Amino acid sequence: MPSDMSAPERRERAVRAAVEQGVVGPGTPLAGLLDITGIRASAAALRAAFDEVTPPGTPVLHAFAVKATPLVPVLRLLYAHGGIGAEVASPGELALARAAGVRPADTVLDSPAKTGAELREALALGVAVNADNLQELTRIDALVKSAAPAPSASPASPVGLRVNPQIGGGSIGALSTATATSKFGVALRDPGAREGVVRAYLDRPWMTRLHTHSGSQGLPLELMVRGVAAAYELAEEVNAAAGRRQIDTVDIGGGLPVDFASDTGTPTYADYARLLKRHVPGLLDGRYGLVTEFGRSLLAKHGTVLARVEYAKTSGGRPIAVTHAGVQIATRTVYAPESWPLRIAAYDAEGRPKPGPTVAQDVAGPACFAGDLLAENRPLPLLEQGDYAAVLDTGAYCMTAHYGYNSLGRAGIHGFTATAGGVRFGVVRPPQTFDEIVAESGGEHADALLDF
Ligand SMILES: *Cc1c(COP(=O)(O)O)cnc(C)c1O
């Protein structure tokens, strides 16, 4: 689907068409829109960036971090058109990847809390597993032995170990996974840890991968590169100790930060890949296979939440637009607005951009607590009743990371393409029904507490 329209232009057209075609309206005051053209372009850019810095034939698996946008049609689009597999971190995410047709060989299971049953399933399927810690490796040992008791038993899945290079955190503590005391991976700089990791590899000749992921959003590229470099150095050390190329693949995780302040789309995958090439050339010279696990950077910019302004009021002199987009679609923004500011664009009741002048106003959500604000004192063209607020860059960790406060239903999500011929929408996920909300709230068990 070639399109020479810019991303903001496609978005403008999609908003207008969503109103015209009834994707949003008085009866459906909230919807998520996903720009299919943009998603495909990001997938292509990711592949091109690593192709540019590795010799032809280097095995590179890009595995989309499913938690960023856990939607089966999105996983399928990335897989079918972008050749992008899936990084899953829970049994539910694994089920989504399988429903999307992602082959086990293109799937990677991470997670700090895998149960024995989850590990057994992943190994039986042939899904790559990155163990988080040495206790988990012991569990994998037992599964490998029980599946094939021969002395040289080895799992059909590639198995790796996640290490925490303890290089420090970025600007968002909750998303920094390479701090001294992070809960993820084996903390490499702790006393004796490095030796223990090398020994763990030597004891398990079938363990061929090494994994690190230093954090998500808020990490400078230089810090991400330092984390990858630490993993590479460890892989070299293990291989030297083993006297062979035991570790054949390094999984460098995801974490490319997204610019939530503009439409520039920087830093790019090419920026990151070139920086890796400059600072960790040995990792990219073709001796190692690579796995990447990007999430936010593939999807965030391609999502827009469109919310109708139900009421417009003033309080203490401040204009407030009461919309249907709040904590349920942008939980982090509502609870940690300093770390997660989102751009908001104002449209009129026909879906046309509202002209200025701007007025400082609050853009509020529907939830019943005072802090449910997507923007506070934000200069925007004055939003009025029946207008629409578009919450930009919400394609990852927002519209699909639903928060069930007030039993607010999950919004419908629609993919779109915008071309000179018009805008076409396709349902990715219908809005949640009240029956579904009742069912997940124990509706089938209404009398459960009466018999005591
Ligand atoms: C969340 C996560 C990712 C994806 O991070 P992004 O910032 O969305 O790219 C990748 N790998 C692991 C292990 C993760 O936990």
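## Ligand shell

By class, six charged, six polar and three nonpolar residues form the shell around the ligand. Here Ala, Val, Leu, Ile, Met, Phe, Trp, Tyr, Cys and Pro count as nonpolar, Asp, Glu, Lys and Arg as charged, and the others, Gly among them, as polar. The shell holds 15 residues, the closest being Lys67, Ser216, Glu293, Arg296 and Tyr397; a residue belongs if one of its heavy atoms lies within 4 Å.

This is a predicted model: local features need pLDDT of at least 70, side-chain atom pairs count only at pLDDT 80 or more, and totals for chains, interfaces and linings use all residues. Residues are numbered from 1 along each chain as its sequence is written, and side-chain values use heavy atoms, with hydrogens and water left out.

## Atom pairs and burial

The side chain of Glu293 places an N or O atom 2.7 Å from a ligand nitrogen. The protein buries 94% of the 390 Å² that the ligand exposes when taken alone (Shrake-Rupley method, 1.4 Å probe).

## Cysteines

No disulfides (cysteine sulfur pairs within 2.5 Å) turn up anywhere in the structure. Cys398 is buried at 10% relative accessible area, while Cys368 is exposed at 62% (buried is under 20%, exposed over 50%, partly exposed in between; 1.4 Å probe, protein chains only).

Notes: A polar contact is a pair of N or O atoms within 3.5 Å; within protein, one must be able to donate a hydrogen and the other to accept it, and residues adjacent in sequence count only if both atoms are side-chain atoms.
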